[in-house]
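Please read the points below with the model open beside them.

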Amino acid sequence: MNMKLNTIALIIGIAFSVWSSSCTAARVSHWRKLKAAYATTFNVLDYGAKGDGHADDTKAFQNAWVAACKVEGSTMVVPSGSVFLVKPISFSGPNCEPNIVFQLDGKIIAPTGSAAWGSGTLQWLEFSKLNKITIRGKGVIDGQGSVWWNNDSPTYNPTEVMLESNGRLPSTKPTALRFYGSDGVTVTGITIQNSQQTHLKFDSCTNVQVSGISVSSPGDSPNTDGIHLQNSQNVVIYSSTLACGDDCISIQTGCSDIYVHNVNCGPGHGISIGSLGRENTKACVRNVTVRDVTIQNTLTGVRIKTWQGGSGSVQNIMFSNVQVSGVQIPILIDQYYCDGGKCRNESSAVAVSAIHYVNIKGTYTKQPIYFACSDNLPCTGITLDTIRLESAQETKNSNVPFCWEAYGELKTKTVPPVECLQRGNPSKAGGINSKIDSC
């Protein structure tokens, strides 16, 4: 009897053990699924990225993004200590959850061979149609742009092109990092360097904040704008250093409520609004403040540039507390802008009004102030307050400001004296208000 009981107990024990083991495995599998479902951090290394600077990590980045995209408040991690070679890629919505963080602590490099670019693309790394997207970290985005730049540049290395390219690179040079159609965009801490063309672009974005970033490319690298804004509103850019081969910051049509402060610019072409109105287009820019900035060794300091034949307006612009050093022309408005080739004389223009310059000081190498405004639609409402610009050259034969059809007011005495600015408003600008209202 006891033997039978022991045998039954043994059988029950084995069965229970098997059942328990099965349940444990099921529970482990279940918890793993739950963990995956509720994970908030997605490291590209976990998705197959090699991070050796040679293997193509594009697919791993794409897969990590697809996973992160499904989780609100997720973080996609590009870890430090690795170099990731990534081909043109789009991290896109609009079906992604909000508040995604792209944590960049490693280095991302662009391919230099032509095969990776096909017939050409407008951007290398793109974030599109997202709600509350943040890129942050101490990492680097390196466009390895020297293979794209003109061979007139001393940094151009034809040997590098022949070794790494399977053919000719496309004529369209991509922007390194572009945000399109997104709201609540934050970019902070990262470095973007040696872009193929523009380093950082915001197109049709709202509520943008850029801080603590570094942009770096040679001063002779062509068209390598630092930050380019287009059709974007409510943008704040601050505490950043921008060194490039074109405009440190370029503000284009459709932009309003832009605030730039505590930015260091140079080398480059300065901080610019425009060019606007090319090929008879309408352009509208308003409510821009640039203050507490330093600009050194640049083509211009703060400038507005428009093409003849355009329409629309630039209005309510404030440049204040600007320190310049070795800048060719610190203050410039040019309504006859022509970027190479022959440009026709045209009567229509983008209206320029309510432009304020306060506390602009430092040295120039060519001319302190240059206002070249439209014959038919002169610049109006220009104010100059506390302007002190001195020639950086030993000879001071180029220190006379230039004005053409520029109207406004001197709030204080200026150095050098600005005697060419006309007072009041021109009679020929009678239709200016309707043109401004059209924006």
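1. A residue is called buried when its relative accessible area is under 20%, exposed when that value is over 50%, and partly exposed in between, using a 1.4 Å probe and protein chains only. This is a predicted model, in which local features need pLDDT of at least 70 and side-chain atom pairs count only at pLDDT 80 or more, while totals for chains, interfaces and linings use all residues. Residues are numbered from 1 along each chain as its sequence is written, and side-chain values use heavy atoms, with hydrogens and water left out.

2. How many disulfides does a search of the whole structure find? The search finds 6, where a disulfide is a pair of cysteine sulfur atoms within 2.5 Å. With the bonded cysteines counted along the chain, the pattern is 1-2, 3-4, 5-12, 6-7, 8-9, 10-11.

3. One of these disulfides is formed by Cys69 and Cys96, with 2.0 Å between the sulfur atoms. Its torsion about the S-S bond is -110°, and the link is left-handed. Helices (H or I, at least four residues) and strands (E, at least two) are DSSP runs, numbered from the N terminus. Cys69 is buried because its relative accessibility is 13%, and Cys96 is buried too, at 12%.

4. Cys284 and Cys439 are also joined by a disulfide, S to S 2.0 Å. This link is left-handed, with -75° about the S-S bond. It connects distant parts of the chain: Cys284 sits in strand 22 (residues 282–296) and Cys439 in the segment after helix 4 (432–437), 155 residues apart. Are the two ends buried or exposed? Cys284 has a relative accessible area of 19% and therefore counts as buried, whereas Cys439, at 39%, counts as partly exposed.

5. Cys338 and Cys343 make a further disulfide, with sulfur atoms 1.9 Å apart. The torsion about its S-S bond is about 80°, so this link is right-handed. Cys338 is partly exposed at 30% relative accessibility. Cys343 is partly exposed as well, with a relative accessible area of 34%.

6. Which cysteine sulfur is nearest to that of Cys244, a residue in no disulfide? The nearest is the sulfur of Cys248, 4.4 Å away. Cys244 is buried, because its relative accessible area is 0%.

7. The UniProt annotation "active site", from an unreviewed entry, covers His269. UniProt positions are given in the numbering used here, feature names are shortened, and annotations may be inferred rather than shown by experiment. His269 is in the loop between strand 20 and strand 21 (271–276). With a relative accessible area of 22%, His269 is partly exposed. Leaving out residues up to four places away in sequence, His269 touches Gly245, Asp246, Asp247, Thr298, Leu299, Thr300 and Arg303; contact means heavy atoms within 4.5 Å.

8. Ser256 lies in strand 20, which covers residues 255–265. Why does Ser256 count as buried? It does so because its relative accessible area is 7%. Again not counting residues up to four places away in sequence, Ser256 touches Ser232, Gln233, Asn234, Arg286 and Asn287.
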